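Visitor: Please show me the sequence and the model, and then take my questions in turn.

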Amino acid sequence: MKTVDVDIRVRYAETDQMGVAYYANYLIWFEVGRSEFCRKKGFSYSDFESSGYKLVVTDAQCRYRNAARYDEMITVRTWLKGMNRRMITFGYRVLRKSKEEVIAEGETRHLCLDSNGKPKSMPEEFAELLAG
């Protein structure tokens with residue numbers, strides 16, 4: 001399993017007066033994709049936090065190619081782009097479900113912290129699940 005897809009219907013509250021999805025919602029959709037990616041890999045983010053760790057976003061990028069519109073079905077495709085002991089990078093592609101047309105592409109980088117907010121190596125069990 002290299003990628004994980006999650007379908008989302010663009011809600012009215014996520015659009016502007018022209019019915020076009022507001023740009024900041026793409027980062028929320030990335031989070032939905034990232035959470036589902038982790039679930040499909042065998043753990044939830046709350047499992048990760050319960051073990052005493054957090055992943056904080058250090059960088060987020062999004063390139064907008066087309067407009068997503070109200071009530072349209074989109075697919076957020078997520079994959080693990082890179083990982084080392086303390087950093088994880090996820091890649092994303094937002095697609096128009098009806099034709100798999102690219103709407104946006106992006107990535108987020110995350111730093112692993114312990115419960116005291118100090119950078120730490122990712123616990124081996126989670127690293128293995130993500131990479132597997």
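Guide: Two strands pair if DSSP finds at least two bridges between them. Helices (H or I, at least four residues) and strands (E, at least two) are DSSP runs, numbered from the N terminus. This is a predicted model, in which local features need pLDDT of at least 70 and side-chain atom pairs count only at pLDDT 80 or more, while totals for chains, interfaces and linings use all residues. Residues are numbered from 1 along each chain as its sequence is written, and side-chain values use heavy atoms, with hydrogens and water left out.

Visitor: Which residue in the turn between β4 and β5 has a positive phi?

Guide: Strand β4 (residues 87–96) runs antiparallel to β5 and is joined to it by 10 bridges. The two form a hairpin with four residues between them. The turn residue with a positive phi, about 55°, is Glu-100.

Visitor: What is the bridge partner of Val-56 in β5?

Guide: Strand β2 (residues 53–64) is also antiparallel to β5, with 11 bridges between them. In β5, the residue bridged to Val-56 is Leu-111.

Visitor: How many of the 14 residues of strand β5 are buried?

Guide: Buried means under 20% relative accessible area, exposed over 50%, and partly exposed in between (1.4 Å probe, protein chains only). Strand β5 (residues 101–114) is largely enclosed by the rest of the structure, because its buried residues number 10 of the 14.

Visitor: How far apart are the closest N and O atoms of Arg-39 and Glu-36?

Guide: Arg-39 and Glu-36 are three residues apart in helix α1 (residues 25–41), so about one helical turn separates them. Arg-39 is partly exposed, with a relative accessible area of 48%. In the salt bridge of Arg-39 with Glu-36, the closest N and O atoms are apart by 3.1 Å.

Visitor: Where does the largest share of the negative patch come from?

Guide: Patches are made of residues with over 30% relative accessible area and no salt bridge, with like charges joined within 9 Å and nonpolar side chains (Val, Leu, Ile, Met, Phe, Trp, Tyr) within 5 Å. Asp-47, Glu-124, Glu-125 and Glu-128 gather in this surface patch of negative charge. Glu-128 is exposed, with a relative accessible area of 53%. The largest share, three residues, comes from helix α3 (residues 124–131).

Note on methods:
Accessible areas come from the Shrake-Rupley method with a 1.4 Å probe; for residues, only the protein chains shown count as cover. A salt bridge is a side-chain nitrogen of Lys or Arg within 4 Å of a carboxyl oxygen of Asp or Glu. Lys and Arg count as positive and Asp and Glu as negative; His and the chain ends are not counted. The place of a charge is taken as NZ of Lys, CZ of Arg, CG of Asp or CD of Glu.
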